[in-house]
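Here is a short tour of a protein model for someone new to reading structures. Have a look at the sequence and the 3D view, and then follow the text from one region to the next.

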Amino acid sequence: MPDITTTYLGLKLQSPVIVGSSGLTDKPEKIARLEKHGAGAVVLKSIFEEEILMEYEHMFSEEAPGRYKDDYLDYFDYRIKEVNLDNYLSLISQSRKLVKIPVIASINCSTAHEWTYFAKKIQDAGADALELNIFILPSVLAQSAENIERTYLNIIQSVRNEIKIPLAVKMGYYFSNLAGMISELSRCNINGLVLFNRTYSPDIDIEKMEISSAGVFSSPKDLSVSLRWIAIMANRVKCDLAASTGVHDGKAVVKQLLAGANAVQVVSALYENGPEFLETIIKELKEWMISKKYEKIDQFRGLLSQEKQVNPALFERVQFMKYFSDRDMQKDHKV
Ligand SMILES: Cc1cc2nc3c(=O)[nH]c(=O)nc-3n(C[C@H](O)[C@H](O)[C@H](O)COP(=O)(O)O)c2cc1C
């Protein structure tokens, strides 16, 4: 049997398949099931910076103690019993006790405000690592690209100052120079980047004439965005890369590893097929390794990254040239 163990964020994983942050990872019992079916690690359901700030602001508006950070933290201990934050810390500590696989906590954030103190609480509760889901939709006309990028760097620096455990950043792809930004973030003393987050997206219901949701789950066709950027950035960053979005089977895991990912996150496929589907994904990965005579993941990781390709331009092709589109359409659709 091939060895599918790997390392991500300096943590040893029994498989490269990580269950991404979602409702699949919001209870210790669910996490134990995911471990049983072969998850390499789990990223817990995120806590939102707003939830942390709400507690924090509440604290200030009432009988807040002195203005020193340690006082805040002691006061946190006192005030947060039986509310959201306490529940989140319990989720970390209980999961940590129940399973052997790494438990990665997660915070959704878009500012570097006072909430960053809470990262230390997460570390103290026993999280093996922390993933920051940073998302700023670049929709404000007056906001410069530089300003948005600076916010990312400030958040990372504030959180890095609080914790020693490995830190990963989950990002989107709305940047004016995506490769430059990925590279810059990787040099911020973080341990991993997750490419990419998938956001809630709008649609329009033309019968009801109202805004609707474009669908919560990804499809296998969504794989190509992260595949391109994992392949382009592999070995050009100063941290690990985890692929996320559109991984719906073992073949997609193989593709992301060939592109150069250190680990692969899965969510929608497990919502659609149940946690036991992890076993199917892992079986497919192992069968492919056997068919290609690979014993370890490192023997093929990154073999098809842009850096290793004879024709690196293949990952940078963006326009459909007439020749390719006609030929592909004839093959697929008999037009
Ligand atoms: C129901 C649901 C809840 C999610 N909740 C979170 C969350 O709390 N934090 C987060 O960073 N990502 C969250 N995500 C995004 C996933 O972690 C993942 O990035 C996204 O679904 C793309 O992966 P997939 O194609 O495997 O689904 C959620 C996704 C779904 C479908």
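## Charged pairs

The side chains of Asp26 and Lys30 form a salt bridge, with 2.7 Å between N and O. A salt bridge here is a side-chain nitrogen of Lys or Arg within 4 Å of a carboxyl oxygen of Asp or Glu. Before going further, please note that this is a predicted model, in which local features need pLDDT of at least 70 and side-chain atom pairs count only at pLDDT 80 or more, while totals for chains, interfaces and linings use all residues. Residues are numbered from 1 along each chain as its sequence is written, and side-chain values use heavy atoms, with hydrogens and water left out.

The cut-offs are simple: buried means under 20% relative accessible area, exposed means over 50%, and partly exposed is in between (1.4 Å probe, protein chains only).

A search of the whole structure finds eight salt bridges. Three of them are set out below.

| Salt bridge | N to O distance |
|---|---|
| Asp26 and Lys30 | 2.7 Å |
| Glu284 and Lys251 | 3.0 Å |
| Lys283 and Glu287 | 3.3 Å |

Lys283 and Glu287, in contrast, both lie in helix H11, four residues apart, which is about one turn of the helix. Glu287 is partly exposed at 43%. Helices (H or I, at least four residues) and strands (E, at least two) are DSSP runs, numbered from the N terminus. As a general point, side chains of opposite charge can pair when their charged atoms come close.

## Around the ligand

Which residues come nearest to the ligand? Of the 19 residues around the ligand, these are Ser21, Ser46, Asn133, Ser218 and Ser268. The shell divides into five nonpolar, eleven polar and three charged residues. In this sorting, Ala, Val, Leu, Ile, Met, Phe, Trp, Tyr, Cys and Pro count as nonpolar, Asp, Glu, Lys and Arg as charged, and the others, Gly among them, as polar.

A polar side-chain atom of Ser218 lies 2.5 Å from an oxygen atom of the ligand. For Lys170, a side-chain N or O atom is 2.8 Å from a ligand oxygen, and for Lys45 the corresponding value is 2.9 Å. These are polar contacts, meaning pairs of N or O atoms within 3.5 Å; within protein, one must be able to donate a hydrogen and the other to accept it, and residues adjacent in sequence count only if both atoms are side-chain atoms. The protein covers 89% of the 610 Å² of accessible area that the ligand has on its own. Accessible areas come from the Shrake-Rupley method with a 1.4 Å probe, and for residues only the protein chains shown count as cover.

## Strands and their partners

Strand S12 (240-244) is mostly covered: five of its five residues are buried. Asp240, Ala242 and Ser244 point one way from S12, while Leu241 and Ala243 point the other way.

S12 pairs with S9 in the parallel sense over four bridges, and Leu193 has Leu241 as its bridge partner in S12. S12 also pairs in the parallel sense with strand S13 (residues 263-266), over three bridges; there, Ala243 stands opposite Val264. Two strands pair if DSSP finds at least two bridges between them.

Strands S10 (residues 202-205) and S11 (residues 210-213) pair in the antiparallel sense over four bridges. Ile204 stands opposite Ile211 in S11.

## Backbone details

Most residues other than glycine have a negative phi, and most peptide bonds are trans. In the hairpin of S10 and S11, Met209 takes a positive phi near 55°. Thr245, in the loop between S12 and H9, has a phi near 100°. A cis peptide bond joins Leu195 and Phe196, with omega about 0°.

How values were computed: Near = heavy atom within 4 Å.
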